[in-house]
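Student: Hi! Could we look at a protein together and talk about how its features get their names?

Tutor: Gladly. Here it is.

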Amino acid sequence: MRKTWLIWILIGLFAIFVAGIALAEKKEEKTEAAKETKAVEKAEAPGYMYMGAVKCKPCHNLPKTGKQFDKWSEGPHAGAYATLANEKSQEIAKKMKIKDPQKAGECLICHITGYGVPDSLKSEKLTLEEGINCEACHGAGEKYWPMKIMKNKKLAMENGLIEPTEELCVSCHNEKSPTFIGFKYDEFVKKIDHSYPEEKSE
Ligand code: HEC
Ligand code: HEC
Ligand code: HEC
Ligand code: HEC
């Protein structure tokens with residue numbers, strides 16, 4: 001009689017122990033996920049409003065300073081949202097059980113400007129159709145676009161202008177991309193070159 005009681009108590013204690021481990025593991029998973037989301041939010045929400053590429057165009061599409069707007073329009077990033085409607089995207093979406101890639105966070109996070117940023121920080125001029133615009137790499141333009149600030153690089157940087165780095169590129173160019181082709185900064189930056197013409201730079 002005594003022996004069976006003892007066995008039952010031991011089984012009970014063991015069950016509580018196992019449940020405790022499972023619970024602790026779950027909690028840890030949750031905090032890790034929360035940390036990750038926080039980090040993403042931080043990187044994408046500088047607190048300035050995204051103005052849309054049309055804001056940059058009047059000053060950055062002049063032939064003598066390098067026509068940045070046209071070069072960007074013809075480059076890969078401007079079409080990033082449109083890509084999500086093409087056949088290849090449909091195929092990827094089907095495999096991932098996603099209905100419409102142009103509406104799915106799993107795709108938009110790397111294919112549009114300012115994903116996850118509140119609407120209050122998006123000008124009406126910022127469209128989905130412009131894909132990854134200037135501000136996705138140079139920072140939200142609300143405060144730095146006026147001429148008297150833009151002319152002064154230090155002042156512009158104090159007002160949200162960002163110098164794009166490799167770290168920024170690989171926030172999208174990484175293995176989380178379903179089509180990842182690898183990333184080499186020097187090579188890739190040349191492919192999107194929109195620098196000032198030679199005679200302009202000192
Ligand atoms: C009112 C005109 C004007 C507008 C609008 C404007 N810029 Fe500029 N921007 C300038 C001028 C002027 C410079 C300095 C060029 C120079 O040094 O010769 C400049 C410089 C820059 C630079 C180079 C900074 C460096 O490294 O020296 C970047 C990047 C830039 N602008 C991005 C943008 C983006 C993105 C937008 C739109 C959100 C924008 N600009 C809107 C006039 C403008
Ligand atoms: C916000 C996400 C994001 C950032 C930041 C970003 N890219 Fe991209 N990039 C993309 C997406 C999405 C595509 C594919 C666009 C398409 O094909 O529709 C792409 C395509 C490209 C391509 C064309 C690749 C090919 O197919 O040959 C080059 C080159 C490139 N990016 C360079 C860069 C460089 C250099 C940086 C950093 C200065 C950068 N990108 C930053 C998302 C990003
Ligand atoms: C982590 C960022 C990221 C995510 C998430 C992402 N993409 Fe992309 N996408 C990229 C980058 C960067 C490229 C450029 C090529 C590469 O993958 O290296 C690209 C390119 C593409 C291309 C063009 C490939 C080609 O060769 O023509 C398609 C199509 C595409 N993505 C569809 C999708 C779909 C659909 C989703 C959602 C299921 C998605 N992407 C999610 C970053 C991303
Ligand atoms: C995918 C990221 C990306 C996008 C999108 C992008 N740029 Fe840039 N931009 C860069 C990088 C990287 C450099 C620096 C290149 C280098 O180091 O030579 C740069 C340099 C510049 C410069 C300075 C040129 C020089 O010679 O110093 C200007 C001005 C500029 N960008 C304006 C724009 C404008 C305007 C748009 C949109 C119409 C735009 N950029 C879109 C990444 C981007």
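Student: Which residues make up the largest nonpolar core?

Tutor: The largest nonpolar core is made up of seven residues: Ala-80, Tyr-81, Leu-84, Cys-107, Ile-112, Ile-132 and Ala-136. A word on the source: this is a predicted model, in which local features need pLDDT of at least 70, side-chain atom pairs count only at pLDDT 80 or more, and totals for chains, interfaces and linings use all residues. Residues are numbered from 1 along each chain as its sequence is written, and chains are lettered from A and ligands numbered from 1 in the order in which they are written.

Student: What makes a set of residues a nonpolar core?

Tutor: The set must consist of buried Ala, Val, Leu, Ile, Met, Phe, Trp, Tyr and Cys residues joined through C-beta atoms within 7 Å. A second, separate core of five residues includes Ala-53, Phe-69, Trp-72 and Cys-134.

Student: Which residues does Ile-112 touch?

Tutor: Leaving out residues up to four places away in sequence, Ile-112 touches Ala-80, Tyr-81, Leu-128, Gly-131 and Ile-132. Two residues are in contact if their C-beta atoms, placed from the backbone, lie within 7 Å. Across the protein, 59% of the contacts with a separation of 6 or more join residues 24 or more positions apart.

Student: Why is Pro-197 called exposed?

Tutor: A residue is buried if 20 or more other C-beta atoms (placed from the backbone) lie within 10 Å of its own, exposed if 12 or fewer, and partly exposed in between. Pro-197 has 11 C-beta neighbours inside 10 Å, so Pro-197 counts as exposed. Pro-197 sits in the segment after H10. Of the 202 residues of the protein, 16% count as buried.

Student: How many helices and strands does the protein have?

Tutor: There are 10 helices and zero strands. Helices (H or I, at least four residues) and strands (E, at least two) are DSSP runs, numbered from the N terminus.

Student: Which residues come nearest to ligand 4?

Tutor: Of the 20 residues around ligand 4, the nearest are His-60, Trp-72, Cys-134, Cys-137 and Ser-195. A residue is near a molecule or strand if its C-beta atom, placed from the backbone, lies within 6 Å of it. Helix H6 (134–138) and helix H2 (68–74) each supply at least two residues of this shell, and H6 has the largest share, with four residues.

Student: How do the residues around ligand 4 divide by class?

Tutor: The shell has 12 nonpolar, eight polar and no charged residues. Here Ala, Val, Leu, Ile, Met, Phe, Trp, Tyr, Cys and Pro count as nonpolar, Asp, Glu, Lys and Arg as charged, and the others, Gly among them, as polar. The shell around ligand 1 divides into eight nonpolar, three polar and four charged residues, while that around ligand 2 has 13 nonpolar, six polar and one charged.

Student: What is the average pLDDT of the protein?

Tutor: The average is 86, and 75% of the residues score at least 70. pLDDT is the predictor's confidence in each residue, from 0 to 100. Over residues 26–45 the pLDDT is below 50, and this stretch has eight contacts in the model beyond near neighbours in sequence. Where pLDDT is low, the predicted coordinates should not be read in detail.
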